[in-house]
Amino acid sequence: MSIVIINNFGQYNHRISRTLTYLDIENKLMPNTTSLEEIENLNPDGVILGGGPSIDNIGNCKEFIRNLDVPILGICLGHQIIAETFGGETKSAEVESYAQIELNILKEDGLFKGIGDTLKVWASHKDEVVKLPEEFEILANSEECDVESMKHNEKPIYGIQFHPEVQHTPRGGEIFENFNAICESWK
């Protein structure tokens, strides 16, 4: 069982790998310039698209989303890339979020299994998804952002705007464990 983390050069990408390692989830951190063929040769059970500073520096992420047949979790910029790949829209938020916020969980749907109705999370972003792709549904929102989490209706493709890999998201490990369980059941 292994998860490939795509490094989009965000400040927390290495923390994603470290958190998965603490949870005994095998993982490998790869730059977003890695070829699709190299990722396929790793035979991952799942892919996490990490955060980053710019939608203009996403390497091969859209190619990974379109061509890999494994569960995908996009975090922050990764979430926004998924939305744009499927016809959604992102733009600068009216209010940039750099704080702990409270999510309203609308649907547990695997990723939020066992979490409950609300969750404290760390938001660190200036852009957000403002138009949900047609094939997606919203799993969570907040007062700050309408699309805090989304899921493809038919494929195991998830996006979250917040950062589960930092201590300011106290139950973030559970989200990674739930994603790992999604990957295990997909095999």
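The side chain of Lys151 comes to 3.4 Å from the backbone oxygen of Lys155. Keep in mind as you look around that this is a predicted model.

Let's stay with this lysine for a moment. Lys151 belongs to strand β8, which spans residues 149–152. Is Lys151 buried or exposed? Its relative accessibility is 10%, and because buried means under 20%, Lys151 counts as buried. Which residues touch Lys151, once neighbours within four places in sequence are set aside? The contacts are Asp109, Glu135, Phe136, Glu137, Leu139, Ile157 and Tyr158.

Now for another part of the model, strand β3. This strand covers residues 46–49, with Gly46 and Ile48 pointing one way and Val47 and Leu49 the other way. All four of these residues are buried. The pairings of β3 are set out here.

| Partner of β3 | Sense | Bridges | Residues standing opposite |
|---|---|---|---|
| β1 (residues 3–7) | parallel | 4 bridges | Ile5 and Ile48 |
| β4 (residues 72–75) | parallel | 3 bridges | Ile72 and Val47 |

Between β3 and β4, the chain passes through helix α3, residues 61–67. This β-α-β crossover is right-handed.

Terms used:
Residues are numbered from 1 along each chain as its sequence is written. This is a predicted model: local features need pLDDT of at least 70, side-chain atom pairs count only at pLDDT 80 or more; totals for chains, interfaces and linings use all residues. Side-chain values use heavy atoms; hydrogens and water are left out. Helices (H or I, at least four residues) and strands (E, at least two) are DSSP runs, numbered from the N terminus. Buried means under 20% relative accessible area, exposed over 50%, partly exposed in between (1.4 Å probe, protein chains only). A polar contact is a pair of N or O atoms within 3.5 Å; within protein, one must be able to donate a hydrogen and the other to accept it, and residues adjacent in sequence count only if both atoms are side-chain atoms. Contact means heavy atoms within 4.5 Å. Two strands pair if DSSP finds at least two bridges between them. A crossover is right-handed if, with the strands pointing away from the viewer, the path from the first strand over the helix to the second runs clockwise.
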